[in-house]
Amino acid sequence: MHKVAKYAGQGVLYALFAAVVGYFSTLPKYHHLEPDQALLRLSFKHPGKTKADCRQRSPEELARVPANMRQALDCPRERSPVRVRVELDGKDLYDESFPPSGLSKDGASTGYRRLTIAAGRHHLKVQFADDVRVAGFNFEREHDVHAKPGQVVLIDFAPDQGGIVIR
């Protein structure tokens with residue numbers, strides 16, 4: 001008799017657990033976006049150009065350095081931050097500077113931003129600057145997008161594909 005009650009109690013607990021899992025797997029309903037919205041996502045990882053050019057060390061400088069550390073060129077490691085500016089239909093959405101990673105600021109800059117936009121036709125203008133020695137932006141792309149409800153429009157930076165990529 002004791003075993004039957006034990007198994008019955010265990011069955012009730014399993015059924016209760018299954019009911020809770022079943023409820024939360026279907027309800028409450030989650031809506032990623034409203035029915036008339038799309039998502040604009042900026043996501044990139046890009047190392048900016050070095051902040052300064054390599055310079056030739058003088059013979060006097062090389063003489064002061066231990067023999068195992070003598071290198072004719074002195075090349076700084078610090079990279080430029082990557083500045084990104086995004087306009088949608090002539091209005092600024094983002095204008096941010098993403099610092100380089102790493103203790104010596106010699107790694108890639110990473111950026112991730114997301115913004116819901118109204119579904120429909122839009123004119124998108126994206127500008128990237130990855131070199132502090134160049135005035136203004138050195139990469140620019142304008143693109144007309146037709147964002148369908150629920151669609152994700154991605155802005156990325158791929159140097160091997162010509163720079164700014166909009167999908």
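A: A residue is called buried under 20% relative accessible area, exposed over 50% and partly exposed in between (1.4 Å probe, protein chains only). Strands (E, at least two residues) are DSSP runs, numbered from the N terminus. The model is predicted: local features need pLDDT of at least 70 and side-chain atom pairs pLDDT 80 or more, while totals for chains, interfaces and linings use all residues. Residues are numbered from 1 along each chain as its sequence is written, and side-chain values use heavy atoms, leaving out hydrogens and water.

Q: How many of the seven residues of strand S4 are buried?

A: Six of the seven residues of S4 (residues 82-88) are buried, so this strand is largely enclosed by the rest of the structure.

Q: In which sense does S4 pair with strand S5?

A: Two strands pair if DSSP finds at least two bridges between them. S4 and S5 (residues 91-98) pair in the antiparallel sense over seven bridges, and Arg-85 has Asp-95 in S5 as its bridge partner. The hairpin of S4 and S5 has two residues between the strands, and Asp-89 takes a positive phi near 55° there. S4 also pairs with S7, in the antiparallel sense over six bridges; Val-86 stands opposite Val-126 in S7.

Q: Where does Asp-130 lie, and what does its side chain join through a polar contact?

A: Asp-130 is in the loop between strand S7 (120-129) and S8, and is buried, with a relative accessible area of 1%. A polar contact is a pair of N or O atoms within 3.5 Å; within protein, one must be able to donate a hydrogen and the other to accept it, and residues adjacent in sequence count only if both atoms are side-chain atoms. Such a contact, of 2.8 Å, joins the side chains of Asp-130 and His-46.

Q: How many aromatic pairs does a search of the whole structure find?

A: A pair of aromatic rings is described by the distance of the centres and the angle of the planes. Rings of Phe, Tyr and Trp (its six-membered ring) pair if their centres lie within 6.5 Å; planes under 30 degrees apart count as stacked, over 60 as edge-to-face and the rest as tilted. The search finds five pairs. One of them, Tyr-23 with Phe-24, is edge-to-face, at 5.0 Å centre to centre with 80° between the planes. Phe-139 and Phe-157 have ring centres 4.9 Å apart and planes at 85°, so that pair is edge-to-face. Phe-139 lies in strand S8 (residues 139-147) and Phe-157 in strand S9 (residues 152-158), so the pair ties together parts 18 residues apart in sequence. Phe-157 is buried, with a relative accessible area of 5%, whereas Phe-139 is partly exposed, at 25%.

Conventions. Helices (H or I, at least four residues) and strands (E, at least two) are DSSP runs, numbered from the N terminus.
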